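Dear colleague,

I am handing over the structure we spoke about, and it is shown just below.

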Number of protein chains: 2
Amino acid sequence: MKFKEKLSELVAERKTVVCVGLDSDFDKMPEHIKKLDNPILEFNKQIIEATSDLVCSYKPNIAFYERLGSVGWDILKETVSIIPKAVPVIIDAKRGDIGNTSAMYAKAIFEDLGGDAVTLSPYLGEDSLSPFIEYKDKFSFILCVTSNAGAQDFQFLEVGERPLYQFVAESVLKWNQKDNLGLVVGASYPQKIKEVRSISGNLPFLIPGVGAQGGDLEAAVRFGSDDGNSLVLVNSSRGVLYASNGLDFAEKAREEVQKLNQIIADLGIY
Amino acid sequence: MKFKEKLSELVAERKTVVCVGLDSDFDKMPEHIKKLDNPILEFNKQIIEATSDLVCSYKPNIAFYERLGSVGWDILKETVSIIPKAVPVIIDAKRGDIGNTSAMYAKAIFEDLGGDAVTLSPYLGEDSLSPFIEYKDKFSFILCVTSNAGAQDFQFLEVGERPLYQFVAESVLKWNQKDNLGLVVGASYPQKIKEVRSISGNLPFLIPGVGAQGGDLEAAVRFGSDDGNSLVLVNSSRGVLYASNGLDFAEKAREEVQKLNQIIADLGIY
């Protein structure tokens, strides 16, 4: 099934748009997990078991695994494989290279790791995205507005009559011929989510930066989904993964997702 | 020793600025290599043995290894380890993420893989580069003008009175407080190499796109180095790696590097 259909079904069924970012950092794990043979995989396994019936997606950031070298790659691959098939996996990779090289990254992410979707960086333009777009059942979220302070350095520059991130949004809309593109729009700037939604049709949004990075969940969902008319995913990583540093970390992670889901339910959109 | 010093010494000693891109693709290898147990590593080993006394740097693109999953990561790591210590290695990764995530990528590339330098994408701004800059002996080349057609989609957009890529060059110059930043400026647009050189002081340039991608070597070196006044590296990948598809592939790769070196020597700059 196409990523987008899989996601739509889950949103309708679970009445939530929460994505959990599996940015699993050994240094922040509970002590009893740190002592295990394969602590990161075990941590992920318990987080997934505790939350997979409540979320719409998981988003491991590949950097947290590459940090460990080839061992980390294997942990990531195994993590993807234990996520229930109904729940799509976005590999947060922010890749972007010239065409023949991007094709290699697409193989790595969609074939070797088995991801359903990916995040990509737009700086190299359309031909750097094409090899990913060719996988018609897979999906690519292109960076538009990111949630960090550095977003201002280039993304906010005026090109013509509008900021660069708006030009990126318009370009992605134009390139969306296979209906498998979306945008990353950070929660740190709720007004920009509204702005980008108004010029990007129904492109699905992936919204990071809720929680540890301080973004506003209600505004992100309301503006991002255009009150339920477009697909949106709101990602929380640290807020869920490290809700507790004790034996009850998985239980507390579940409670944290439930809290996010309740806030979303209270909006009355879904 | 700092990457920049290592590189300066080699350029002075070898009178060349050639970098060989180790974008080693199994499908393009000679048949006798394909039959070996670890064909990619064996291929790299023979290319390195045949050329390491003639080049200033190697630049493996990580995508060609990630394509193979964790096995590929190990091959890349071993490839880096067999390159003679005097010859610096640039990991072509085009990474860029929010600060705490970029720090993970920096660990992966500088610590796990053992790269001396990296390529980074600028879209997320200064704080996405900082964790790499913190490694003061390592070096980061930031994408400015890329060698693909898609470069035109965003990089050439006018911001204020100049194109985005010029704004990126000016920003990188400003951020170069630790003297460990440079720019990637593709050979497909020689006039732009000249233009970017005129506004970016002595920032070292990494110039891909010579050879298979059709860039002009003489113009790249002359404009990129400002007639020898700045550091420049000119990368060739496919032209060297696949100079022959027979038993003599390594020998032919060496001849190809010698040809490039001769063209550079004939410029009379070094």
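To begin with the relation between the chains, chain B is superposed on chain A by a rotation of 180° with 0.0 Å of shift along its axis, the RMSD being 0.0 Å. That is the relation of a two-fold axis. Please keep in mind throughout that this is a predicted model.

The contact between the chains takes 46 residues from chain A and 46 residues from chain B. On the side of chain B that touches chain A, at least two residues each come from α4 (63–66), α5 (70–82), α6 (99–112), α7 (126–133), α8 (151–154), β6 (158–159) and α9 (164–175) of chain B. It is α6(B) that gives the most to this side, with seven residues. Sorted by class, the side of chain B that touches chain A has 18 nonpolar, 16 polar and twelve charged residues. Since 100% of the interface residues of chain B are also interface residues in chain A, the copies meet through the same surface.

Turning to the fold of chain A, there is an open sheet of eight strands with parallel pairing, and the order of the strands is β2-β1-β10-β9-β8-β5-β4-β3. The edge strands of this sheet are β2 (57–58) and β3 (90–95) of chain A, each of which pairs on one side only.

The axes of α10 (residues 190–199) and α11 (residues 217–225), both of chain A, come within 8 Å and cross at roughly 10°. With angles under 35 degrees counted as roughly parallel, α10(A) and α11(A) are therefore roughly parallel to each other. In this contact A:P190, A:I193, A:K194 and A:R197 of α10(A) meet A:A219, A:A220, A:F223 and A:G224 of α11(A). By class, the contact of α10(A) with α11(A) has five nonpolar, one polar and two charged residues.

With best regards

Conventions: Residues are numbered from 1 along each chain as its sequence is written. Chains are lettered from A and ligands numbered from 1 in the order in which they are written. This is a predicted model: local features need pLDDT of at least 70, side-chain atom pairs count only at pLDDT 80 or more; totals for chains, interfaces and linings use all residues. Copies are superposed by least squares on the C-alpha atoms of residues with pLDDT of at least 70 in both. Two residues are in contact if their C-beta atoms, placed from the backbone, lie within 7 Å. Axes are lines fitted to C-alpha atoms, for helices over the stretch in contact, and angles run from 0 to 180 degrees between N-to-C directions. Helices (H or I, at least four residues) and strands (E, at least two) are DSSP runs, numbered from the N terminus. Angles under 35 degrees count as roughly parallel, over 145 as roughly antiparallel, 65 to 115 as roughly perpendicular and the rest as oblique. Ala, Val, Leu, Ile, Met, Phe, Trp, Tyr, Cys and Pro count as nonpolar, Asp, Glu, Lys and Arg as charged, and the others, Gly among them, as polar. Two strands pair if DSSP finds at least two bridges between them.
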